[in-house]
Amino acid sequence: MAWVTPKTYVASDILTAADFNQDVRDNMLETETAKATKAGGLFMQSTSSPNRFEVQVPAVEKVSLPHIEYETDEFATPIYDDPTLEVPAATSYLIFFAANQRVVSGGPAVWFSVSIDGEEPSLRQRMYSTTTGIIRQSGWFKASKVYTPGTETRTIQFVYGADANTLGHWTQRDLTVIPIA
Amino acid sequence: MAWTTPKTMLPLDTLTAADMNTYVRDNLLETLVGQTPGDDRIAVSVGPGEVAWRSIELTSTAVSTTTTSTSPVDVGPTISGVEHSGRVLVLITGTLRHNSGELASYSVAPTTGPYGPHIIRAIRAQGSNNNSLSCHVLYYDIPSPCDFTGYLWAGGPGTSTLTRGQYTVIPL
């Protein structure tokens, strides 16, 4: 049922069963409390029904992996690899990503970022490093593409890249995704 | 009180005081508007038929904090009593240096749960020049409510200095 603005009663009005069912029961079932199904959900306004709120569950997906290293000749094109999250479809996403990164050999640069459904990330979404020492780098961005919410899921995945003849090394990789309606 | 799915009234049913108290009063008190929030809150689900307002907290360290310890030292500041639904996103920023060219590190972690000072997910800088850095950490499987604090340490002999340290906790 959809939210309906409750009627205004005047003296001598009789509260009927239909009134109660529509103005009280049905509207109660549209409150955030009635929509809550589990812990950890964020409430987002639904554009398809402006008077109601929906719960995006889970509010946050997370994954942490310890270590990855790629051979030099794998970087003719960026590498798509874990961590990977399958997240509920939403209009957009706030994405946080982080890793310890270093150049093992070659150079000058290695980088990592995040892709959505296999789309290569923009340059400003990439975290570059030119140092052989391990440094922890983190970034976040709001996915700029407008998606159509539905029942399908989206694949959000790390992407790794490097200059020619360069070996990169990544550890302690974190990926956090907050769906935004 | 707990949320109760409202009953369906049929013609000739009598709406009783108990009905009003259970399906209208008690249920309205379980909605978000029925729970008076403070400022700057976000609304989350806590469980089936259960919602709550959560507080996003921010705190800053003293202007300058130092240590010569190579083990994490609790330099605060502390944010106490963070209520959440299982996960907390922490955003950390600060300016670090080490006067002898070693690593200077600063992390923020819950004081209870499996993490400890969490030396891996920290902002860290090497050398005597100031470096402004930021990172984020998602903590999960921690008790609610819980406290958070900051840890500073040095990678080798010398002094690590943290200035303009600041962190934000977002309960989820």
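Are B:Arg121 and A:Asp174 buried or exposed? Both are buried, where buried means under 20% relative accessible area, exposed over 50%, and partly exposed in between, with a 1.4 Å probe and protein chains only.

Before going on, the conventions. This is a predicted model, in which local features need pLDDT of at least 70 and side-chain atom pairs count only at pLDDT 80 or more, while totals for chains, interfaces and linings use all residues. Residues are numbered from 1 along each chain as its sequence is written, chains are lettered from A and ligands numbered from 1 in the order in which they are written, and side-chain values use heavy atoms, with hydrogens and water left out.

Back to that pair. The side chains of B:Arg121 and A:Asp174 form a salt bridge at 2.4 Å, N to O; the term stands for a side-chain nitrogen of Lys or Arg within 4 Å of a carboxyl oxygen of Asp or Glu. The pair crosses between chains: B:Arg121 sits in the loop between β8 and β9 (123-126) of chain B, and A:Asp174 in strand β10 of chain A. Helices here are DSSP runs of H or I with at least four residues, strands are runs of E with at least two, and both are numbered from the N terminus. The rule finds one salt bridge across the interface of chain A and chain B.

Now the interface as a whole. In contact, that is, with heavy atoms within 4.5 Å, are 39 residues of chain A and 39 residues of chain B. The buried area is about 3,200 Å², and carbon and sulfur atoms give 67% of it. That area is the accessible area, with a 1.4 Å probe, that two parts lose on being put together, summed over both. Seven residue pairs are in polar contact between the chains, both residues at pLDDT 80 or more. On the side of chain A that touches chain B, the elements that each supply at least two residues are α1 (17-28), α2 (32-35), β1 (41-45), β3 (61-69), β5 (92-105), β8 (135-142) and β10 (167-180). The largest share, six residues, comes from α1(A). By class, that side has 20 nonpolar, twelve polar and seven charged residues. Nonpolar covers Ala, Val, Leu, Ile, Met, Phe, Trp, Tyr, Cys and Pro, charged covers Asp, Glu, Lys and Arg, and the others, Gly among them, count as polar.

Next, α1(A) itself. Ten of its twelve residues are buried, so the helix is largely enclosed by the rest of the structure. Among the buried ones are A:Phe20, A:Val24 and A:Met28, and also A:Asp19 and A:Arg25. The buried residues of α1(A) pack against α2 of chain A together with α1 (17-29) of chain B. Of its 181 residues, 50% count as buried.

Over to chain B. Which strands pair with β7(B)? Strand β10 (residues 131-140) pairs with β7(B) in the antiparallel sense over ten bridges, and so does strand β12 (residues 160-171), also over ten bridges. Pairing requires that DSSP finds at least two bridges between two strands. B:Leu96 stands opposite B:Asn131 in β10(B), and B:Leu91 stands opposite B:Thr168 in β12(B). Nine of the twelve residues of β7(B), residues 87-98, are buried, so this strand is largely enclosed by the rest of the structure.

B:His136 lies in strand β10 of chain B and counts as buried at 1% relative accessibility. Not counting residues up to four places away in sequence, B:His136 touches residues of both chains, including A:Phe96, A:Trp140, B:Leu89 and B:Leu91. Its side chain reaches the backbone nitrogen of A:Phe97 at 3.5 Å.

Last, two salt bridges within chains. A:Lys35 and A:Glu30 meet at 3.6 Å, N to O; A:Lys35 is partly exposed at 22% relative accessibility, whereas A:Glu30 is buried at 7%. In chain B, B:Glu83 bridges to B:Arg54, with the closest N and O atoms 3.8 Å apart. The two are 29 residues apart, B:Glu83 in the loop between β6 (79-82) and β7, and B:Arg54 in strand β2 (residues 50-55).

How values were computed: A polar contact is a pair of N or O atoms within 3.5 Å; within protein, one must be able to donate a hydrogen and the other to accept it, and residues adjacent in sequence count only if both atoms are side-chain atoms.
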